Amino acid sequence: MPIRIPDALPATAALESENIFVMTEHRAMHQDIRPLRVLLLNLMPTKITTETQILRKLSNTPIQVEIELLQTVSHDAKNTAAEHLEAFYTTFDDVRDRHFDGLIITGAPVEKLDFEEVDYWPELCEIMEWSKTHVHSTFHICWGAQAGIYYHYGVPKHALSEKMFGVFPHTLAKRTSPLVRGFDDEFWAPHSRFTEVRAADIEAHPDLELIAVSDEAGVYVAKSTDSQNFFVFGHPEYDRETLAAEYERDVARGMAMALPAHYYPDDDPTCEPVSTWFSHAQLLYTNWLNYYVYQTTPYDISRAGERAGE
């Protein structure tokens, strides 16, 4: 997929070094097509890393995708240079009157807090409410998935006795879903969270369906029956070294942390982790973009967010 992003965005050089097709703004302007417009609400503290990870996953179909980066104004980002945010990020006030084919809401390291205790919760609620009428399909990740499924459908999160941390095997609860087309019977995905959403709560809701689960890690993927909202409770976008960096960070802070499960060969943290989730992570994003955004979004972008029958 030709990813259309600002030429100077740090992710550009990283993706080009991986032989990923990054389209310059100049070249994109000369293609006589309407690109998919996808808004990325980045709630992670390591914004540049998260930008690169997610843009990498949006890079494997022939569709041109125009990415815009969104930040909250009600939270002071301390881990990303103000110059980067000013150069590449927009605010909700700048986009509230526009429509988008897709919205991605990332995770955030705030899952130990009640939703209402998060300083940007009112702004996030405003964005999620706006998405009902201005976005064709929204893809929520980890804490963003817990926040989204709580806001839209009232499904609560529950505290875990210890952090769900590692790479876990999963199976499909709904094999016929186009979202998991091409998936193996068993596949692996990373999780890194202190809370969970339970399968029974999702299955009890008439507007939700369970797509993929893990015996060890619990719910991995769910969606709304109208395909407007997707909830991924792990981190399929993570790089090979991301869990290692989180583990080393937490140990350095004096936290009693178990090794990430099923991650280091022989549970030896001196060994390089083995990636077991990259292909299915790529397929997950590609299927969402293809089947639930590109194939169904209206050509008139001003109609994005309308539901069938409206």
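## A walk through the fold, by question and answer

The chain has 10 helices and 12 strands, where helices (H or I, at least four residues) and strands (E, at least two) are DSSP runs numbered from the N terminus. This is a predicted model, in which local features need pLDDT of at least 70, side-chain atom pairs count only at pLDDT 80 or more, and totals for chains, interfaces and linings use all residues. Residues are numbered from 1 along each chain as its sequence is written, and side-chain values use heavy atoms, with hydrogens and water left out.

Reader: Let's turn to helices H6 and H7: at what angle do they pack?

Author: Two packed helices are described by the angle between their axes and the distance between the axes. Axes here are lines fitted to C-alpha atoms, for helices over the stretch in contact, and angles run from 0 to 180 degrees between N-to-C directions. H6 covers residues 121–134 and H7 covers residues 143–153. Their axes are 11 Å apart, and the packing angle is about 70°.

Reader: Which word describes how H6 and H7 lie relative to each other?

Author: Angles under 35 degrees count as roughly parallel, over 145 as roughly antiparallel, 65 to 115 as roughly perpendicular and the rest as oblique. The angle between H6 and H7 is about 70°. H6 and H7 are therefore roughly perpendicular.

Reader: How do the residues of the contact of H6 with H7 divide?

Author: On the H6 side are Trp 121, Leu 124, Cys 125, Met 128, Glu 129, Ser 131 and Lys 132, which meet Trp 143, Ala 147, Gly 148, Tyr 150, Tyr 151 and His 152 in H7. Ala, Val, Leu, Ile, Met, Phe, Trp, Tyr, Cys and Pro count as nonpolar, Asp, Glu, Lys and Arg as charged, and the others, Gly among them, as polar. The contact residues divide into eight nonpolar, three polar and two charged.

Reader: Why is H7 largely enclosed by the rest of the structure?

Author: The buried residues of H7 include Trp 143, Ile 149 and Tyr 153. H7 is largely enclosed because the number of its 11 residues that are buried is nine.

Reader: Which residue follows H7 with a positive phi?

Author: Its phi is near 70°. The residue following H7 is Gly 154.

Reader: Which strands pair with E6?

Author: Two strands pair if DSSP finds at least two bridges between them. E6 (residues 100–105) is mostly covered, with six of its six residues buried. Strand E3 (residues 36–41) pairs with E6 in the parallel sense over four bridges, and Leu 39 stands opposite Leu 103.

Reader: Is Leu 208 buried or exposed?

Author: Leu 208 is found in strand E10 (residues 208–214). Beyond residues up to four places away in sequence, Leu 208 touches several others, including Ile 149, Tyr 153, Val 155 and Phe 231. With a relative accessible area of 6%, Leu 208 is buried.

Reader: How far apart are the C-alpha atoms of Leu 208 and Tyr 153?

Author: Along the chain, Leu 208 and Tyr 153 are 55 residues apart.

Reader: What is the relative accessible area of Gln 71?

Author: Gln 71 sits in the loop between strand E4 (65–70) and helix H4 (82–88). Among the residues Gln 71 touches are Leu 41, Tyr 89, Phe 92 and Glu 123. Gln 71 is buried, with a relative accessible area of 16%.

Reader: Last one: what is the relative accessible area of Asp 266?

Author: Most residues other than glycine have a negative phi, and most peptide bonds are trans. Asp 266 has a positive phi, near 55°, and lies in the loop between H9 and H10. Asp 266 is exposed, with a relative accessible area of 78%.

Technical notes
Contact means heavy atoms within 4.5 Å. Buried means under 20% relative accessible area, exposed over 50%, partly exposed in between (1.4 Å probe, protein chains only).
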